[in-house]
Amino acid sequence: MMETWVILGATSSMARGLARALADRGAGLLLAGRDMADLEATAADCTLRGARLAEAVKFDARDPSTFGPILERLGKEDGSLNCACFVGSMPPQADIDADPSLIEGVITDSFTGPARFLTALAPMIEARQMGCIVGVGSVAGDRGRVGNYVYGSSKAGFHTYLSGLRNRLTRSGGHVVTVKPGFVDTAMTWGLEGMFLVAPPDAVAASILKAVEKERNIIYTPFFWRYIMMIIRSVPEPIFKKMSI
Ligand SMILES: NC(=O)c1ccc[n+]([C@@H]2O[C@H](COP(=O)([O-])OP(=O)(O)OC[C@H]3O[C@@H](n4cnc5c(N)ncnc54)[C@H](OP(=O)(O)O)[C@@H]3O)[C@@H](O)[C@H]2O)c1
């Protein structure tokens, strides 16, 4: 079956891992993001690996005028139309506390920008009666905590959006996978203190591809974060509000 994937936020090392794995199986790829030189390099790598198509395309979550051309380009391909979204930003919570105007940017990058793009993509999946959307959220969206509650709330919003989108697309043969990574060794976490059980980005990419193949609904990656978050969610609020985790 011919498949084409738009990878939003394709400069992320997790996204690059998924793009490479999809290239290995001959998929078509539209690598979307802001850094065109980086995306072109990944496109060249994916072509060498066997991608049927690998093109760099401009995507800025804060500039919806970049969305239409990607969808138009995608619509020219035959077969299934798919999208994996890795877009997100996490400025230090202390910077946001000092300058609340940063909140809109975080919410746009991690939630509303991707949601607007995916909502425009949904009818194309419905029309073909097939296609998969992967939305990368975060364990940070499972409970608000002092260290990153704006980022966490953007991911919580994205999780809820993805749940509803899955409910919508399942009626026409489409599928949505929600991915909740724990700590991953990427640009976003570089130099951050307090990281533990940090996963390599390629392992996360492999678990995402497996989840797509098995049509999983929600995955934690690495898997043990499901149990860590079960415990964290079960801490009563009077205790949780005093914790610094
Ligand atoms: N690393 C972790 O521990 C961890 C844990 C849980 C969830 N996540 C999530 O995993 C995803 C990938 O993150 P990462 O860890 O690989 O970090 P990353 O390298 O910083 O990836 C974030 C991606 O989002 C893109 N982006 C940010 N703002 C954008 C905008 N306005 N328009 C278009 N693209 C934008 C970045 O593009 P540029 O290269 O142009 O900045 C980059 O491709 C994110 O959604 C993140 O929230 C990460």
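Trainee: How do α5 and α6 lie to each other, roughly parallel or roughly antiparallel?

Mentor: This is a predicted model, where local features need pLDDT of at least 70, side-chain atom pairs count only at pLDDT 80 or more, and totals for chains, interfaces and linings use all residues. Residues are numbered from 1 along each chain as its sequence is written, and side-chain values use heavy atoms, with hydrogens and water left out. Helix α5 (residues 103–128) packs against helix α6 (residues 149–169) at about 10°, axes 8 Å apart, and α5 and α6 are therefore roughly parallel (angles under 35 degrees). Axes are lines fitted to C-alpha atoms, for helices over the stretch in contact, and angles run from 0 to 180 degrees between N-to-C directions. Helices (H or I, at least four residues) and strands (E, at least two) are DSSP runs, numbered from the N terminus.

Trainee: What is the contact of α5 with α6 made of, by class?

Mentor: 17 nonpolar, five polar and three charged residues. Ala, Val, Leu, Ile, Met, Phe, Trp, Tyr, Cys and Pro count as nonpolar, Asp, Glu, Lys and Arg as charged, and the others, Gly among them, as polar.

Trainee: New topic. What is the strand order in the sheet?

Mentor: β3-β2-β1-β4-β5-β6-β7, an open sheet of seven strands with parallel pairing; strands pair if DSSP finds at least two bridges between them. β3 (53–58) and β7 (218–221) are at the edges with a single partner strand each, so one side of each has no neighbour in the sheet.

Trainee: And how many bridges join β2 to β3?

Mentor: Six, with β2 covering residues 28–33. Gly28 is opposite Leu53 in β3.

How values were computed. Parallel < 35°, antiparallel > 145°, perpendicular 65-115°, else oblique.
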